[in-house]
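Please read them with the model open.

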Amino acid sequence: MDKRTEHSEGPAEGSENFHERPRLVKGGLSFSDVTELVSYHAERKTPTAWYAAFAVASTGAMMLIAMLAYQVYNGVGVWGNNQPIAWGWPIVNFVFWVGIGHAGTLISAILFLFRQQWRTSINRAAEAMTIFAVMCALIFPTFHVGRVWAIYWTLPIPNQMEMWPQFKSPLLWDVFAVSSYFLVSLVFWYVGMVPDLATFRDRAKGFFRKRILGFLSLGWTGANRHWRNYEKAYLLLAGLATPLVLSVHSVVSFDFAVSILPGWHTTIFPPYFVAGAIFSGFAMVVTLLVIARKIYSLENLITLDHLEKMNIIILVTGTIVGFAYITEFFIAWYSQLEYEQYAFLNRAFGPYAWAYWIMMTCNLISPQLFWFKKLRRSIPVMFGLSILVNIGMWFERFVITITSLHRDFLPSSWGYYTPTMIDVLTFVGTFGLFFTLFLLFLRFIPIVAMAEVKTAMPESDPHYYDAEGDGHAPAAQDDTPYIKPSQGYRNYRGGKQNGDDTPDDGTTNGGT
Amino acid sequence: MIELDVLNDHSAKSRDEESGPHFWRSPVQMDAPTGSNSGDEFRDGMSSPPDGASRRQFLQLMGAAMAMGGLTACRRPVEKILPYARKPEEVIPGVPNEYASAMPFRGIVRPLLVKSSDGRPTKVDGNPDHPYSQGATSPYEIASVLNLYDPDRSRRVLEDGSNASWSDFMSFCRSLGDRADTQSVAVMAPPTSSPTMQAMRERMESRFPNLQWVTYAAEGDDAVAQGMQLAFGQPLRPEYDFGAADVILSLDADFLDGTAPNFLHNSQSFAEHRRVEDPSDDMSRLYAVESAYSITGGMADNRLRMQARRIPHFATALAAELGVNVAPTGSLTANEQRYVQEIARDLQEAGPQSVVVAGETQSPEIHALAMAINEQLGSLGETVSFFDTEDEAPTLQSEALDALVADMNNRDIDTLIMLGVNPMYNAPASLGFAEAAERVGTVVHAGLHVDETARAADWHVPQAHYLEAWSDGRSYDGTLSIIQPLIDPLYEDAHSLLEIVNALATGTDAAGYDLVRDVWRGRVESDFERTWRRALHDGYLADSQYASVVPADVSLPESVDTYSEDGYEVVFRLDPTLLDGRFSNNAWMQELPDPTTKIVWDNVALMSPATAEDLDVEVTYDAGVFRADRIAIEANGASVTIPIWIQPGFPDGSIGVTLGYGRSLSTRRSKRRTPFWNTDEYTDIYGDGPLAGGVNEDGTPYTPVGTNVSPIRSNNGRVASGATVTKVDSGYKIVSTQEHGSMEGRPIARWSTLEEHRNDPERIREMGEPVPGYREDSYEEYPELWADNHPSEQPEMKDNWYYDNQWGMVVDLNTCTGCNACVIACTSENNVQVVGKEEVGNGRHMYWMRMDRYYVSEDANDESPEMVMQPVTCQHCENAPCEAVCPVAATVHSPDGTNQMVYNRCIGTRYCSNNCPYKVRRFNYYNWVGTLPTQVQMAQNPRVTVRSRGVMEKCTFCIHRVRSTQRQARNEDRPMQTDEVQTACQQACPTNAITFGDLNDPESELVQKRDNSRRYEMLDYLNVKPRLSYLGRVRNPNPRLADADAPAETA
């Protein structure tokens, strides 16, 4: 057999051969297999299970809408916010979701610039997650204000009042940072999707499907010129998105760091928040992809190697975050400021100590398990851990926001915060919205960047077949069918045997 | 439309008949015969154009005319509001007028100046011209305006519970006369100082020979008057000059609390000798021996907690120590003995410059004994002076009540008239008043509410609020005032007590105005009209004080009655917010935190930690909620169930309760029903019926606030001894505005002793160092974030003419007693909303000004800590942290240096609140004002915006007052005068602890106070540069008692 079905797991010792790099795509998938595997999920009849999942998720989304309507109708008082804890769950959830929305663009932009080709299998889903998470995040600062109908005053729109927003306010920076992050991520995601949408378009059967995909794929034909422009645009957008990845959470952290509240007023916040965001974002990617790759039989595209790499990032960022927690304590002690010291002691031993220790356990201790290769390659372990990390990171924001506020300078104004049912249901509702969007994504959009994955496959190297002699793929030589469905794919389709339902033009546009 | 010739004429004639040149645009137009265009449309033989009135139009016109003619016959409803055809000279719409009046309060009147905004009384201040008020008030006067607008007030005369009218009542009054000679009539009336009421009483007495007139106060006998009677043989009224005293001893006297009749004078004179302007200044020393933790105890330099029933032991021991011939009544502990000796020594050293005051919980004998001690010290005439009220010897209320009830039980009373009193609610159960009342022929009740007594009465007449009716009265010193109404009674049937008594006495309906004038005419010798007008304008009749006398000699009480010391003692006090229940349907007062416990919307059984342990009861604090155990207190044959509260500094074995809670009021206002998605029940507190607690048609009470403790009172004293206490249940939710009582060692409310202050005047200021011992790099020189474009440096600011005044405030913690007058004044002035128990519990109270109370003790488990009060409001920082973080510039700096909220601009991110280190910002979590009853809306100050939901609010330094004064000055083309503007809190403060003024004016009191070496700024290390600074408190404890504050022994 040729090399397409037998892959070495890594280069041989001392080998400098380009082809011998570890294969990112397993299972001997050919280009066509990749196309088939990815397109199949968008083209087949909608499975009942999807409907079931969608029903649950969209119920959650409807609940979110209902909760927000209730809140707008009645006032912020339906939440648990009070005096002195003027920011409660909504801001906790905001920072949580923005944090989750961090991984996608990091994967697609920064890892792209660093030529980390393993990103290609996961970037589409991760970016989708980013965009949906940022959408969920944006809901909170919008609706948490007292008068949501005047929220547009935070935007620099020329108006008859001749009023600009107040540019010194970190909240305003936030508006700019998060909205530009959202827009750039969205454009980046869409631009990266154009070749894959064109593949879909070419395979589309229905009238509307053809028209819609035709519109969305922007007349992509796979021409050399298209590719050239595309690559350049993608590179530029990656360059643009990279600083935003770092800025968005830095700016979110300014909401806290610029204030004078003990526990918030900390210069460590920007890097610590960015690390935390990457940490939680990767954890969320792991959570989602562990499920998706299983259900959608993408194990060969999103392999254990991919997951392991993400787990390593989780380990690194988790440790950075843990280091930051400890540094905060050190600085509080070193500053000799009683207010500062009290704020941190109160976190660890005050009424919210439980939240603090949940945070410490989940964020600092649990990722340390990933030091063990066996554990970081174990699906159940990583799934459980990623959930823990997400819980821990939510509690980190809870600890920062609420424990700092509830006991600040004057003991006379100390208070306590308890969320209401509306708080809880709103937060649950954002998960409903998130999963609704994610399910739609899984159903209608190429869930893996087919074109990019192909570029990461050894076959994409023009000289890949040089070793065989004439530089052409063997199949083309022999006149035997070039496309053979992989075993995994066939199993997926219910053990149907070879050939008969093989599409014939899988490689037309996908990627050469 | 009806075509009218007049109109048509114009168009028809315009072109033809005008002379002058033709204007044309095209040859066609020139050729066409001008003027006939309209005619062309209708050729000959066709219908003519509509022109003139046709038959059809004529009919239309006439029909319409008839219909309209008919409409004029309909009259608009009669409204009493009339436009000014000729504007009265003194009324300018939108500019408030102030009228002098007075509020009846516990048998005296408190002189007032009432602000009327377009005919509505909206704000009550003290009368600054009055010799006995000097412009300050207690919380009660200010809050009384909301009683006027109470939506649950009684509106109709009721006969046997069903609607009747005033004329029905008048015919009843006339019918009384038929058999007046044989009738035996009893009247229960509140203590009053009104000469007109006295005259009405005489009229009653002349009509009904068998009249019993019982003066009834909910709190029981007037121990002071009784005590003075005992000591001097006449009911002289004592006045204490604390300003002249070096040593003051309070024997359970909470003389600094608003409930004290002479509160204003007490506070003012006390503050006089506590203003340490220079470290070398002297200050008085206050000893408090008390059975509660009162605000007087909080001000005390040395405080000894002691059961009320054991304080006579202390008093007698002290008297004996000072050489008064009295036998000790009981034994004291070693610690108490030590206090006796030290206080005696201190008193003796101070001699005439000392004063001993006995409190209302103490028996008349102790009051007499206190006077004997004062005499022994030589302070009679020095620090204690007396007014001769010329009253007859006071009868004991308890005895009169007992006699009355006995008569009622014997069916000897034909008619019982209860004037503005509520014995069904607040008479002790042992009296059996309710049962006795059933045996009375006719029961007449007059009151502001259809309350417990009104429902049991045959006749109920709505009483007019004092701001609605003419009356008069005397202030504490006897100065006569006219109570001048500012508004017609809101409800037609409402009549003043004077009018009601007059109706009952004469059967004729006379206006209160005439009644008062008739009486005054008799008093004023000459030129009545002029004197009357003068008194009305000034608010008092000059030189009408009681004569001041110095009694020659004090007769010692023969014996001092003591209580048995079995069981627990229960001490009944007037509530510092609800008084005896008169303010219980007053939202401001319900939400005004108790000065010491900071509890709102509840009354509790206060006890010391040791007592709680004894009883095995506790208050738990979990997740922001206090859960208290409830106890059943059984005393005097009755039992009440009430939640407990553990109060450090309370004497062991004593339980303190307050009156005024557990009401049940009938109202005509229905409960609001709201759709299920609407949380309107949160948006205002009036939705659930009467605030104090309502009663359904079938007589079942609902949502009462707190517990009525009157049933377990004894008829003749404030102390019930031998009470048994059992735990009932747990988990009662208590809401307090301050959950944490310790300063955690932070230099927030700073204090030092007089000695420390003299040795190191800078001590208080230097307490704020964030890092102890590290002074080289002062935080005051730290760079500022926005220093380059600081708001105050902008040309728009500097060029503004407001820039000339830079406002600031100083609060003197040494004279602030924590009486809460400022809090209520601010609430009334600034339309601050009330949110109810539930929402206060959620941490959403709105009061702009809060009175922080901290306990201070060396030892964390000290059961008798010191207490310090600190009023906190917006500090108006120059580097305001709130301003920098608002994304929409809704909170900004004014050119005159205040930090202002622009409500219209605020979108409610609440970031400002988070960034405020003082946490003085208040957020409208709901639309608190959306559904307020109309009456309550009338109480609001039209010069201050009512805030809607979703916006932040906070103290403005009463900027509306500043602006209107500035406007006034500009209109008059003059600079503002020194200290021309007063904030509402400053105006109300009885001790002048709050000073507001212009930092740019070297003459201002503010600038002088800022020179005080006690001045500091709270959290100054943050470098936010507050415009509000505090003068640290200086305590003057007896050094010889320094180590005596060890945990006190249980009695």
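**Notes on the model**

1. C173(B) is buried, at 0% relative accessibility. Buried means under 20% relative accessible area, exposed over 50% and partly exposed in between, with a 1.4 Å probe and protein chains only. C916(B) is also buried, at 7%.

2. This is a predicted model; local features need pLDDT of at least 70, side-chain atom pairs count only at pLDDT 80 or more, and totals for chains, interfaces and linings use all residues. Residues are numbered from 1 along each chain as its sequence is written, chains are lettered from A and ligands numbered from 1 in the order in which they are written, and side-chain values use heavy atoms, leaving out hydrogens and water.

3. Zero disulfides turn up over all chains. A disulfide is a pair of cysteine sulfur atoms within 2.5 Å. For C916(B), the closest cysteine sulfur is in C882(B), at 6.4 Å, so it is too far for a bond.

4. The largest nonpolar core has 216 residues, and M371(B) and I633(B) have the most contacts inside it. Such a core is a set of buried Ala, Val, Leu, Ile, Met, Phe, Trp, Tyr and Cys residues joined through side-chain atoms within 4.5 Å. Apart from it lies another core, of 140 residues, including W264(A) and F200(A).

5. Beyond four places in sequence, M371(B) is in contact with residues including M228(B), F232(B), Y240(B) and V554(B). Contact means heavy atoms within 4.5 Å.

6. Y334(A) is exposed, with a relative accessible area of 57%.
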